[in-house]
Amino acid sequence: MLSDPLLLQMPASMQMTDEQFFDFCQVNRDLRIEMNQFGEISIMPPTGSETGYRGGNIFGQLWVWSEKDGTGICFDSSTGFTLSTGAKRSPDASWMKLERWNALSSEQQQRFAPICPDFVIELRSPSDNLQPLKDKMAEYMQEPGVQLGFLIDRKHRQVYIYRPHQPEECLENPETVSADPVLPGFSLNMSKIW
């Protein structure tokens with residue numbers, strides 16, 4: 001089994017269109033695939049069971065809050081988004097205001113929507129290097145509409161908080177992490193994530 005992402009560099013003559021990349025991901029459903037702004041494809045192995053459980057807990061907490069709040073929708077780790085740079089990314093969990101989602105056409109919603117969510121979460125798995133995840137969070141923070149991001153490092157029991165145009169903030173072993181005021185009343189309980 002792969003432990004680090006496999007990076008495929010494509011010659012310029014073989015670069016995929018958005019539609020081709022979407023189709024490539026559909027026929028390789030068992031893999032987690034992303035593309036950076038330079039057209040390099042990262043193929044990541046499926047998460048281990050423990051990381052999947054922790055990620056499911058994150059998504060579950062976000063989903064429950066989102067259903068009660070009703071002002072937006074949340075997405076799981078298999079959801080791809082096309083960023084303004086052309087990069088195709090799949091946060092481990094994310095949330096978007098309904099007005100932004102509803103402004104997309106039905107066709108855009110069916111593919112890798114050309115939008116970055118308002119809130120993104122990345123969970124570091126045991127095989128992940130921290131710096132590429134920090135780079136991905138910085139990439140998200142450059143996107144129109146994004147307001148908040150959490151990078152959860154279970155290995156060191158740290159949560160990095162990202163906001164556009166602000167330095168990252170690092171919390172050491174928090175019990176909860178608040179997403180106020182972006183997601184009013186949402187606080188991520190870390191007890192089942194650590």
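This is a predicted model: local features need pLDDT of at least 70, side-chain atom pairs count only at pLDDT 80 or more; totals for chains, interfaces and linings use all residues.
Local features require pLDDT of at least 70 and side-chain atom pairs count only at pLDDT 80 or more, while totals for chains, interfaces and linings use all residues. Residues are numbered from 1 along each chain as its sequence is written, and side-chain values use heavy atoms, with hydrogens and water left out.

Side chains of opposite charge can pair when their charged atoms come close. A salt bridge is taken as a side-chain nitrogen of Lys or Arg within 4 Å of a carboxyl oxygen of Asp or Glu. Across the whole structure, 12 salt bridges are found. One of them joins Glu34 to Lys136, with the closest N and O atoms 2.9 Å apart. Glu34 belongs to strand E2 (residues 32-35) and Lys136 to helix H5 (residues 130-141), so this pair ties together parts that are 102 residues apart in sequence. Helices (H or I, at least four residues) and strands (E, at least two) are DSSP runs, numbered from the N terminus.

Burial is judged by relative accessible area: buried is under 20%, exposed is over 50%, and partly exposed lies in between (1.4 Å probe, protein chains only). Glu34 is buried at 3%. Lys136 is buried too, at 10%. Lys136 also meets Glu122 in a salt bridge of 3.7 Å, N to O. Glu122 sits in strand E8 (residues 119-124) and Lys136 in H5, so the contact ties together parts 14 residues apart in sequence. Glu122 is buried, with a relative accessible area of 3%. A network of salt bridges links Glu34, Arg89, Glu122, Lys136 and Glu139.

Another salt bridge pairs Lys134 with Glu168, the closest N and O atoms lying 3.2 Å apart. Lys134 is in helix H5, and Glu168 is in the loop between strand E10 (158-162) and strand E11 (169-172), 34 residues away. Lys134 is buried at 18% relative accessible area. Glu168, in contrast, is partly exposed at 36%.

Strands of a sheet pair through backbone hydrogen bonds, either parallel or antiparallel. Two strands are counted as paired if DSSP finds at least two bridges between them. Six strands form an open sheet in the order E4-E7-E8-E9-E10-E11, and the pairing is mixed. Strand E4 (72-75) and E11 are the edge strands, each pairing on one side only. From one strand to the next, the twist averages 15°; axes are lines fitted to C-alpha atoms, for helices over the stretch in contact, and angles run from 0 to 180 degrees between N-to-C directions. Within the sheet, strand E9 (residues 148-153) and E10 are antiparallel, paired over five bridges. Leu151 has Tyr160 of E10 as its bridge partner.

The second largest pocket has a volume of about 220 Å³. A pocket is an open set of points on a 1 Å grid over the protein atoms alone, with protein on both sides within 12 Å along at least five of seven lines, and lining residues have an atom within 4 Å of a point. Grid points are joined across faces, edges and corners, and a volume is the space filled by probe spheres set on the points. Helix H1 (18-27) and helix H4 (106-110) each supply at least two lining residues. H1 gives the largest share, three residues. The lining includes Asp18, Phe22, Lys88 and Arg111.

Definitions and conventions: On a 1 Å grid over the protein atoms alone, a cavity is a set of points where a 1.4 Å probe fits but cannot get out, and a pocket is an open set with protein on both sides within 12 Å along at least five of seven lines; lining residues have an atom within 4 Å of a point.
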